Amino acid sequence: MAQTSSLHLTCLCGSISEPGSLLSDQETPVYAEMCHCATCRYTTGALSVPFSPLKSSPSATTLNKLQAYASSDIATRYFCPTCGCSCVFYTAPRDQWYFMSGAIEYNPDIKAPAESRNNIFKVMRHAHILDTKDGGLAPFLLQLGDRSVPTWAGIPPPMSASQDSYDLPHEKILSMLGASSKSPTRPPQEDSYLTARCHCGGVNLLIKRANHAHGDRSRCNYPPDPTKYSTYLCACRSCRLSTGVSLYPWTLVNAENVFNGKTLTSTDGPARITFGFEASNPDANPGLSLKHYWSSHDTCRSFCGKCGAAISYWCAQRPDELDITVGILRSDDGSLARKWLGWTWGECSFSEGSTDMELYEAWTRAPGLIKEAVPAYLNS
Ligand SMILES: [Zn+2]
Ligand SMILES: [Zn+2]
Ligand SMILES: [Zn+2]
């Protein structure tokens, strides 16, 4: 346990820095609620978004640096216009400010042990689970550490209410996972496209269904089913601080299969998306509100310049592959888009970068949990 005064609230480019003492909790791990709603998914690209409450508003300096996006009449989200990190969330009915838990770190001048760095926040409630249709990541995150986490179909009561109450039993959530396995909607045809669209609609992509050749060694291929793209979670610091979310979901897509959804009606058919070094050219990707942040000389993270949703990751070492954020996908079978994506259950890159080890450890138990709950799910 540490005092929150040794933390700061930040973003990948470092433009944002608020003192940890602004958090409502004064000791680590700090309280967090994890939201699974569609708006959170479409404004971050994540599947589940942890928020930590603040004592009061961030400073005017910080709010002026951030770009505001009103995601509804009653909620405003603030993201860093340089690196795209979702940082702050404000909800008017409760007059409550939150910081994205994934963007909370130790002050750079503090040498905290790994045990502390990996346990900065802890998720105490899950919200809006029914919004996912398939349970999303919630079925895998019901037991965190030694706690059984209360789960809510929609919005939970205020934080001052009993923290033990819930309205959606865990059995129901596990059965959502099973139901989506037993009655999948029709599988996509070879020439069909999956829409990837941020909340504001400024970024609208079309991803052609995977069709990997047998034995294809590309990282995009999901060998158990070559009509799907390989999909995984990442806990690295760079993903975390460019999104505000720990345990970040990516699907690996062949770049040649990603098209500009806004050119669909043109006579030439949809245009391929330009990623990488040429993407910053003003003529690239007409009609899309894509912005780019180079987190290293050869790594480009792209996000929506209007609503802040993270969209993609590209690096020069594998220029023909593109990581697309799972949270912006619009598959009719649910938030995990299992008709299109092949999930590597329980796997997570760079787990040492996690700031909530309970989440990571719960996710590593996913294969066993699935096997027990719905045996057919593993191979589907
Ligand atoms: Zn930033
Ligand atoms: Zn939400
Ligand atoms: Zn947008």
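Two strands pair if DSSP finds at least two bridges between them; strands (E, at least two residues) and helices (H or I, at least four) are DSSP runs, numbered from the N terminus.

A word on the ground rules: this is a predicted model, where local features need pLDDT of at least 70, side-chain atom pairs count only at pLDDT 80 or more, and totals for chains, interfaces and linings use all residues. Residues are numbered from 1 along each chain as its sequence is written, chains are lettered from A and ligands numbered from 1 in the order in which they are written, and side-chain values use heavy atoms, with hydrogens and water left out.

**Exercise 1. Is strand S6 buried or exposed?**

Step 1: Set the cut-offs: buried means under 20% relative accessible area, exposed over 50%, and partly exposed in between (1.4 Å probe, protein chains only).

Step 2: Recall that side chains in a regular strand alternate between the two faces of the sheet.

Step 3: Check each side. Ala75, Arg77 and Phe79 are buried on one, Thr76 and Tyr78 on the other.

Step 4: Conclude. Five of the five residues of S6 (residues 75–79) are buried, so the strand is largely enclosed by the rest of the structure.

**Exercise 2. Find the protein donors of the zinc ion (ligand 2).**

Step 1: Donors are N, O and S atoms within 2.8 Å of the metal (3.2 Å for Na, K and Ca); water is not among the atoms, so sites may look incomplete.

Step 2: Pick out the SG atoms of Cys35, Cys37 and Cys40, at 2.1 to 2.3 Å from the zinc. Along the chain, the donors follow C-x1-C-x2-C.

Step 3: Check burial. Cys35 counts as buried because its relative accessibility is 9%, and Cys37 is buried at 9% too.

**Exercise 3. Where does Glu358 lie, and is it buried or exposed?**

Step 1: Find Glu358 in helix H6 (residues 357–364).

Step 2: Read its relative accessibility: at 17%, Glu358 counts as buried.
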